[in-house]
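Thanks for making time this morning.

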Amino acid sequence: MTRATSSGAWRARLEQALSVTMPVGHRDPGDNRPIAAHGRAARRAGVLIPVVAAAEPYVYFTQRSAALRHHPGQISFPGGSMEASDRNVEHAALREAEEEIELHPRHVEVLGELPEYPTVTGFVISPFVGWVDPNAQVYPDDAEVARLFAVPLAHVLDLDNYRRYPYERNGQTYQVYGIDYGDDHIWGATAGILLGLVQRLAHAERRPLDMPRPAEEETVRRGR
């Protein structure tokens, strides 16, 4: 993909991607996750995709604590369920980011929102792309976050780094997506949300809306 030459160029590309209207018939990566099929009431959640405005921008990810009830040990974005005190789902995403990694909202400019992403576990996730002050200090909360790490934005926006997998749950098979960086395997909703951003960027820049290649593994099973 075309290389951005500065932080400002990356920001402009993100803003362009977040503003496009996708073509009729386009299916987002989360569209194969019908919540109703599992008999669950949807729970609203917000996540922040924190893009740090460094000379070579990077994205923060968290590895969830093994003690958490939902998705223990998995790699995700800062975020969580809406609470009664939240004004809206964007507020929930920013509040959770502050709680999980001490990223204060004053250091975040929300550039836009990606489409809602339904999950097979009964959540509807609203992802927000945040442009983060590179001078902001972040620290993982030990109770919720086992590890905080960064991945270059150029890596997560490169379609060639993604793979797709069949995933079996409750007798049904879904397509899930994954992206590796070093020893970290980012998959499921987190990778699917990023892939949606990759597709929007491709459409904004008039490139083909290709999908990731199949992975070599036959199936990604629950618990990986």
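The term to settle at the start is pLDDT, the predictor's confidence in each residue, on a scale from 0 to 100. For the protein chain the mean pLDDT is 87, and 86% of the residues reach 70 or more. This is a predicted model, in which local features need pLDDT of at least 70 and side-chain atom pairs count only at pLDDT 80 or more, while totals for chains, interfaces and linings use all residues. Residues are numbered from 1 along each chain as its sequence is written, and side-chain values use heavy atoms, with hydrogens and water left out.

Over residues 218-224 pLDDT stays under 50, although the model has 17 contacts there beyond four places in sequence, a contact being heavy atoms within 4.5 Å. Where pLDDT is low, the predicted coordinates should not be read in detail.

Now the sheet, with strands taken as DSSP runs of E, at least two residues long, numbered from the N terminus, and two strands called paired if DSSP finds at least two bridges between them. Four strands form an open sheet with mixed pairing, in the order 11-10-9-12. Strand 11 (184-187) and strand 12 (213-214) are at the edges, each with a single partner strand, so one side of each has no neighbour in the sheet. Strand 9 (residues 162-169) and strand 10 (residues 172-181) pair in the antiparallel sense over eight bridges, and Y165 has V176 in strand 10 as its bridge partner.

Finally, Y139 lies in the loop between strand 7 (123-132) and strand 8 (145-152). Leaving aside residues up to four places away in sequence, Y139 touches E100, I101 and E102; Y139 and I101, 38 residues apart in sequence, are 4.8 Å apart in space, C-alpha to C-alpha.
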